[in-house]
Amino acid sequence: MKLTNVEPDATQPVLESEFIGPQWPESHPGCQASAALAMLSRGTDRLATAAQAELVFTDEVCSWNPSCLWHGVTILLRTGELESADAQLWKLERDSDGRFTDHVALMRAEHAKHAGDLAGSRTALARLATTAHPACLRDLAGPLYIEALVAINDADQADQALRRQDFDRLLRKWPTMRPLVLVVRGWLHLIAGRTDDAYRDLSASSRLPGTEVAATFSVARRKGLLALTAAAGGQLDTAVAAATQEYEAATAWRSPEHVAWGLYVLEMIEDSERPSERLRDAVDLLEVARSPVGIATVCYEQGKRLLDSGQHQAGKDQLLRAARSARWIGDVTLTKQIEKLLHELTTPVQRTRLTSQELRIATMAQHGYSNKQIADRLVLAVRTIEFHLSNVYRKLGISGRRALANTALPPRPVREW
């Protein structure tokens, strides 16, 4: 990521004071990091790209250049070589003599993020976003910190951090950071329910070349995030196109975690309510990749669908897997949602008789009428329909419309004269 116009002397090691920020390392001939970035941008040979990134740490010049080291480590993370990246970071922490203290701390925080230690990552990134030296590292740590918060669904904390960060300044100051800044802000808008703002930022990010930040967590997933946002906004054609591009890129790259993400996105834009073979395959791939972030998300979705289809034990098993991963990564929001479902599953339901109005509304909902359509037909307020349906779900001991579709309702009573 070329964040400066200052070119260091190619014949001398790059000192920390001369380093303006992670940049495309073009400062010396035969740069191994440049070659690894070029391979990453093609996205077709993950193992060869990882092997090329390893060369960064044995190259005489690259091993003294914090820009090259940053790209070497993050590309290893992007290829799924977390153990190799960890080994290189241990060497840097042991041998760098304090030359690149905050650079290494930033790389370590990114390693923690990819390994699922979101708590450790966000703690380190929160510090680096305010105290890192040089200043460009603070500019980079800010979006990466918000990215860590968004990954655990902490929209409130992420919004507070966004207000402290001047993203418009970052967009002006570092053109090559734009794909990262936009996708992080767009992802935050998405989990906060601000669909229009999310679509604006994610579509803008997806149009930009992201080579120099392609190894970051969210940029690697930006087409999928765009697909989910477009689907949420009712733009099905855009959602299908973006999801297809994400899945094709994932299958070309052949990373288990990326393929799982592609399968999840394809499934979610279809808005299906049934247990899915795609989600089952995604879980298997995420187990191989040892990705607690992905396991929490996908097992939760599959678990809900299994419950709604009446497969309570299988649904419970998936939710328990999701809960373990959600607690590990520190996703409080998802953990509470899972605990609520599990509590409802194990709590005896006091079934009471539906009123005639509740039965009428439940029947219409089963036949596919929306809340607004039911309200129009019965000349009631939408809030009233929502209130009656909430009572229906409580009385029947079900979680929502999906479960209602598979629930046998009592017969309508015969009207007496």
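The crossing of helices α10 and α11 is left-handed, a term for a near helix turned anticlockwise from the far one by less than a right angle, with right-handed used if it is clockwise. The contact involves Pro 179, Leu 182, Val 183, Arg 185, Gly 186, Trp 187, His 189 and Leu 190 on α10, and Asp 197, Ala 198, Arg 200, Asp 201, Leu 202, Ala 204 and Ser 205 on α11; contact means heavy atoms within 4.5 Å. The model is a predicted one, in which local features need pLDDT of at least 70 and side-chain atom pairs count only at pLDDT 80 or more, while totals for chains, interfaces and linings use all residues. Residues are numbered from 1 along each chain as its sequence is written, and side-chain values use heavy atoms, without hydrogens and water.

**Overall make-up**

- The protein has 22 helices and zero strands; these are DSSP runs numbered from the N terminus, helices being H or I with at least four residues and strands E with at least two.
- The C-alpha trace spans about 100 × 40 × 35 Å along its principal axes.
- Of the 417 residues, 52% count as buried, where buried is under 20% relative accessible area, exposed is over 50% and partly exposed lies in between (1.4 Å probe, protein chains only).
- Among contacts with a separation of 6 or more, 59% come from residues 24 or more positions apart.

**Helix pairs**

- The axes of α10 (residues 178-191) and α11 (residues 195-207) come within 8 Å and cross at roughly 155°. Axes are lines fitted to C-alpha atoms, for helices over the stretch in contact, and angles between N-to-C directions run from 0 to 180 degrees.
- The axes of α3 and α5 are 10 Å apart, and the two helices pack at an angle of about 5°. They are therefore roughly parallel; this covers angles under 35 degrees, with over 145 roughly antiparallel, 65 to 115 roughly perpendicular and the rest oblique.
- On the α3 side the contact uses Pro 66, Leu 69, Trp 70, Val 73 and Leu 77, and on the α5 side His 103, Leu 106, Met 107, Glu 110, His 111 and His 114.

**Helix α4**

- Helix α4 (residues 82-95) has 14 residues and reaches 20 Å from first C-alpha to last, close to the 20 Å expected at 1.5 Å a residue; the expected span is 1.5 Å times one less than the number of residues.
- Ser 84, Ala 85, Gln 88, Leu 89 and Leu 92 are the buried residues of α4. Down the helix axis they fall within an arc of 135°, so they line one face; the arc is that of the directions from the axis to the C-beta atoms.
- These buried residues pack against α2 (46-54), α3 (66-78) and α5 (101-115).
- Glu 83, Trp 90 and Arg 94, on the other side of α4, are exposed.

**Helix α16**

- Of the 17 residues of α16 (residues 292-308), 15 are buried, and the helix is mostly covered.
- Gly 310 follows α16 and has a positive phi near 90°.

**Loop backbone**

- The peptide bond from His 133 to Pro 134 is cis, with omega near 5°, and Pro 134 is in the loop between α6 (118-131) and α7 (135-151).
- Arg 254, in the loop between α13 (236-253) and α14 (256-269), has a positive phi near 65° and is exposed at 64% relative accessible area.
- Val 379 has a positive phi near 55° and lies in the loop between α20 (371-378) and α21 (382-396); at 72% relative accessibility, Val 379 counts as exposed.
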